[in-house]
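Let's take a walk through this model, a couple of strand residues and then a helix pair.

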There are 2 protein chains.
Amino acid sequence: MSSHGDEIIEATWTKSKMLYYLTHLYIRGFDHQGIANKITNVISNEYGINMRSINLDAHDGIFEGNLYLYIQNTDLLEKLITKLLNIKGVDTVQRKEI
Amino acid sequence: MSSHGDEIIEATWTKSKMLYYLTHLYIRGFDHQGIANKITNVISNEYGINMRSINLDAHDGIFEGNLYLYIQNTDLLEKLITKLLNIKGVDTVQRKEI
(Lines give C-alpha, C1' and ligand atoms only; values in the text may rest on other atoms or scores of the structure.)
Protein backbone atom coordinates (compact mmCIF):
# COMPACT_ATOMS: atom_id res chain seq x y z
CA MET A 1 0.00 0.00 0.00
CA SER A 2 2.83 2.39 0.81
CA SER A 3 3.87 2.40 -2.84
CA HIS A 4 0.55 4.05 -3.62
CA GLY A 5 1.37 7.03 -1.45
CA ASP A 6 0.00 8.06 1.91
CA GLU A 7 -3.16 9.68 0.80
CA ILE A 8 -6.19 7.54 0.06
CA ILE A 9 -9.66 8.87 -0.56
CA GLU A 10 -12.80 6.83 -0.38
CA ALA A 11 -15.92 7.26 -2.46
CA THR A 12 -19.07 5.39 -1.64
CA TRP A 13 -21.24 4.52 -4.61
CA THR A 14 -24.57 2.76 -4.72
CA LYS A 15 -23.27 -0.77 -4.63
CA SER A 16 -19.56 -0.61 -3.90
CA LYS A 17 -16.79 1.35 -2.26
CA MET A 18 -14.01 2.69 -4.43
CA LEU A 19 -10.56 3.58 -3.13
CA TYR A 20 -8.38 6.09 -4.91
CA TYR A 21 -4.65 6.42 -4.36
CA LEU A 22 -2.88 9.71 -4.81
CA THR A 23 -0.24 8.98 -7.43
CA HIS A 24 2.61 11.17 -8.64
CA LEU A 25 3.71 11.04 -12.26
CA TYR A 26 6.62 12.97 -13.77
CA ILE A 27 6.17 13.70 -17.46
CA ARG A 28 8.60 15.12 -20.00
CA GLY A 29 8.93 15.55 -23.74
CA PHE A 30 9.18 17.87 -26.68
CA ASP A 31 6.99 20.91 -26.36
CA HIS A 32 4.41 21.73 -28.96
CA GLN A 33 1.25 23.75 -29.01
CA GLY A 34 -1.58 21.89 -27.29
CA ILE A 35 0.51 19.31 -25.44
CA ALA A 36 -1.04 20.17 -22.04
CA ASN A 37 -4.49 19.78 -23.54
CA LYS A 38 -3.62 16.39 -24.99
CA ILE A 39 -2.30 15.22 -21.61
CA THR A 40 -5.36 16.41 -19.68
CA ASN A 41 -7.64 14.97 -22.37
CA VAL A 42 -6.22 11.48 -21.84
CA ILE A 43 -6.45 11.79 -18.04
CA SER A 44 -9.88 13.36 -17.75
CA ASN A 45 -11.83 12.40 -20.85
CA GLU A 46 -10.41 9.05 -21.84
CA TYR A 47 -9.88 7.67 -18.32
CA GLY A 48 -12.13 9.86 -16.15
CA ILE A 49 -9.32 10.28 -13.61
CA ASN A 50 -9.46 13.08 -11.05
CA MET A 51 -6.47 15.37 -10.74
CA ARG A 52 -5.18 16.77 -7.50
CA SER A 53 -2.72 18.98 -9.35
CA ILE A 54 -1.00 19.53 -12.65
CA ASN A 55 2.19 21.51 -13.18
CA LEU A 56 3.72 21.75 -16.64
CA ASP A 57 6.48 24.08 -17.79
CA ALA A 58 7.98 24.60 -21.22
CA HIS A 59 11.52 25.83 -21.83
CA ASP A 60 13.88 25.52 -24.78
CA GLY A 61 11.54 23.30 -26.74
CA ILE A 62 11.13 20.86 -23.84
CA PHE A 63 8.19 20.54 -21.50
CA GLU A 64 8.22 18.82 -18.15
CA GLY A 65 6.03 18.64 -15.15
CA ASN A 66 4.25 16.71 -12.48
CA LEU A 67 0.80 15.24 -12.25
CA TYR A 68 -0.87 14.23 -8.99
CA LEU A 69 -3.78 11.96 -9.79
CA TYR A 70 -6.33 9.90 -7.89
CA ILE A 71 -6.07 6.43 -9.37
CA GLN A 72 -7.99 3.28 -8.43
CA ASN A 73 -5.42 0.59 -9.12
CA THR A 74 -2.09 -0.18 -10.74
CA ASP A 75 -3.76 -1.74 -13.76
CA LEU A 76 -5.39 1.57 -14.64
CA LEU A 77 -2.12 3.36 -13.86
CA GLU A 78 -0.17 1.19 -16.28
CA LYS A 79 -2.73 1.76 -19.03
CA LEU A 80 -2.63 5.49 -18.39
CA ILE A 81 1.18 5.61 -18.56
CA THR A 82 1.15 3.71 -21.86
CA LYS A 83 -1.46 6.07 -23.26
CA LEU A 84 0.45 9.17 -22.14
CA LEU A 85 3.62 7.82 -23.77
CA ASN A 86 1.65 7.48 -27.02
CA ILE A 87 1.03 11.23 -27.14
CA LYS A 88 3.22 12.77 -29.80
CA GLY A 89 6.19 14.48 -28.14
CA VAL A 90 5.95 12.70 -24.78
CA ASP A 91 9.13 10.71 -24.17
CA THR A 92 9.12 10.11 -20.41
CA VAL A 93 6.41 9.21 -17.90
CA GLN A 94 7.71 8.08 -14.52
CA ARG A 95 5.91 7.15 -11.37
CA LYS A 96 7.46 8.91 -8.37
CA GLU A 97 7.22 8.36 -4.65
CA ILE A 98 4.93 10.81 -2.91
CA MET B 1 4.63 47.55 -23.45
CA SER B 2 5.73 47.05 -19.86
CA SER B 3 2.20 46.01 -18.94
CA HIS B 4 2.63 43.04 -21.19
CA GLY B 5 5.55 41.76 -19.13
CA ASP B 6 9.22 41.68 -19.85
CA GLU B 7 9.37 38.68 -22.06
CA ILE B 8 8.51 39.01 -25.72
CA ILE B 9 9.08 36.34 -28.30
CA GLU B 10 9.11 36.91 -32.01
CA ALA B 11 7.94 34.50 -34.69
CA THR B 12 8.72 35.12 -38.32
CA TRP B 13 6.14 33.80 -40.70
CA THR B 14 6.06 33.92 -44.48
CA LYS B 15 4.62 37.38 -44.83
CA SER B 16 4.59 38.96 -41.40
CA LYS B 17 6.22 39.12 -38.00
CA MET B 18 4.14 38.28 -34.95
CA LEU B 19 4.97 39.40 -31.44
CA TYR B 20 3.82 37.43 -28.43
CA TYR B 21 3.76 38.78 -24.90
CA LEU B 22 4.20 36.51 -21.93
CA THR B 23 1.06 37.03 -19.87
CA HIS B 24 0.23 35.76 -16.39
CA LEU B 25 -3.33 34.81 -15.50
CA TYR B 26 -4.52 33.64 -12.09
CA ILE B 27 -7.55 31.36 -12.26
CA ARG B 28 -9.79 30.01 -9.51
CA GLY B 29 -13.12 28.25 -9.12
CA PHE B 30 -14.99 25.19 -7.99
CA ASP B 31 -13.19 21.98 -8.74
CA HIS B 32 -14.79 19.29 -10.82
CA GLN B 33 -13.51 16.41 -12.88
CA GLY B 34 -12.10 17.64 -16.17
CA ILE B 35 -11.74 21.33 -15.28
CA ALA B 36 -8.04 21.42 -16.28
CA ASN B 37 -8.90 19.88 -19.62
CA LYS B 38 -11.64 22.44 -20.22
CA ILE B 39 -9.24 25.28 -19.45
CA THR B 40 -6.48 23.96 -21.72
CA ASN B 41 -9.03 23.22 -24.42
CA VAL B 42 -10.09 26.88 -24.57
CA ILE B 43 -6.47 28.08 -24.56
CA SER B 44 -5.00 25.63 -27.05
CA ASN B 45 -7.82 24.45 -29.27
CA GLU B 46 -10.21 27.38 -29.39
CA TYR B 47 -7.60 30.16 -29.40
CA GLY B 48 -4.41 28.37 -30.49
CA ILE B 49 -2.44 30.08 -27.72
CA ASN B 50 0.95 28.74 -26.64
CA MET B 51 1.50 28.05 -22.97
CA ARG B 52 4.75 28.67 -21.15
CA SER B 53 3.41 26.98 -18.04
CA ILE B 54 0.29 25.82 -16.31
CA ASN B 55 -0.06 25.11 -12.62
CA LEU B 56 -3.40 24.05 -11.19
CA ASP B 57 -4.10 22.65 -7.74
CA ALA B 58 -7.32 21.36 -6.22
CA HIS B 59 -8.09 21.38 -2.50
CA ASP B 60 -11.33 21.28 -0.53
CA GLY B 61 -13.49 21.49 -3.63
CA ILE B 62 -11.67 24.57 -4.92
CA PHE B 63 -9.12 24.71 -7.70
CA GLU B 64 -6.70 27.53 -8.31
CA GLY B 65 -3.61 28.11 -10.32
CA ASN B 66 -1.56 30.17 -12.67
CA LEU B 67 -1.25 30.23 -16.43
CA TYR B 68 1.66 31.78 -18.30
CA LEU B 69 0.63 32.30 -21.90
CA TYR B 70 2.11 33.85 -25.02
CA ILE B 71 -0.57 36.23 -26.26
CA GLN B 72 -0.51 38.52 -29.28
CA ASN B 73 -2.58 41.44 -28.07
CA THR B 74 -4.96 42.65 -25.36
CA ASP B 75 -7.97 42.13 -27.60
CA LEU B 76 -7.28 38.40 -27.73
CA LEU B 77 -6.51 38.41 -24.00
CA GLU B 78 -9.87 39.96 -23.16
CA LYS B 79 -11.70 37.43 -25.32
CA LEU B 80 -9.78 34.61 -23.67
CA ILE B 81 -10.58 35.84 -20.15
CA THR B 82 -14.28 36.07 -21.02
CA LYS B 83 -14.24 32.57 -22.45
CA LEU B 84 -12.42 31.14 -19.44
CA LEU B 85 -14.99 32.75 -17.13
CA ASN B 86 -17.71 31.02 -19.13
CA ILE B 87 -16.35 27.58 -18.18
CA LYS B 88 -18.63 26.01 -15.57
CA GLY B 89 -17.03 26.36 -12.14
CA VAL B 90 -14.55 29.11 -13.02
CA ASP B 91 -15.31 32.20 -10.91
CA THR B 92 -12.10 34.23 -11.11
CA VAL B 93 -9.64 35.02 -13.91
CA GLN B 94 -7.21 37.81 -13.11
CA ARG B 95 -4.33 39.19 -15.08
CA LYS B 96 -1.25 39.54 -12.89
CA GLU B 97 2.00 41.42 -13.25
CA ILE B 98 4.92 39.25 -14.29
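This is a predicted model: local features need pLDDT of at least 70, side-chain atom pairs count only at pLDDT 80 or more; totals for chains, interfaces and linings use all residues.

Residues are numbered from 1 along each chain as its sequence is written, chains are lettered from A and ligands numbered from 1 in the order in which they are written, and side-chain values use heavy atoms, with hydrogens and water left out.

Start at His24(A), which sits in strand E2 (residues 17-30) of chain A; strands are DSSP runs of E with at least two residues, helices are runs of H or I with at least four, and both are numbered from the N terminus. His24(A) counts as buried because its relative accessibility is 9% (buried is under 20% relative accessible area, exposed over 50%, partly exposed in between, with a 1.4 Å probe and protein chains only). Leaving out residues up to four places away in sequence, His24(A) touches, among others, Asn66(A), Tyr68(A) and Gln94(A), where contact means heavy atoms within 4.5 Å.

Now hop to Ile62(A), in strand E4 (residues 62-71) of chain A. Ile62(A) is buried too, because its relative accessibility is 17%. Its C-alpha atom is 5.7 Å from that of Gly29(A), although 33 residues separate the two along the chain.

Finally, the helices: H1 (residues 35-46) and H2 (residues 74-85) of chain A pack at about 145°, their axes 9 Å apart. Those axes are lines fitted to C-alpha atoms over the stretch in contact, with angles running from 0 to 180 degrees between N-to-C directions. The residues making this contact include Ile39(A) and Val42(A) from H1(A) and Leu80(A) from H2(A).
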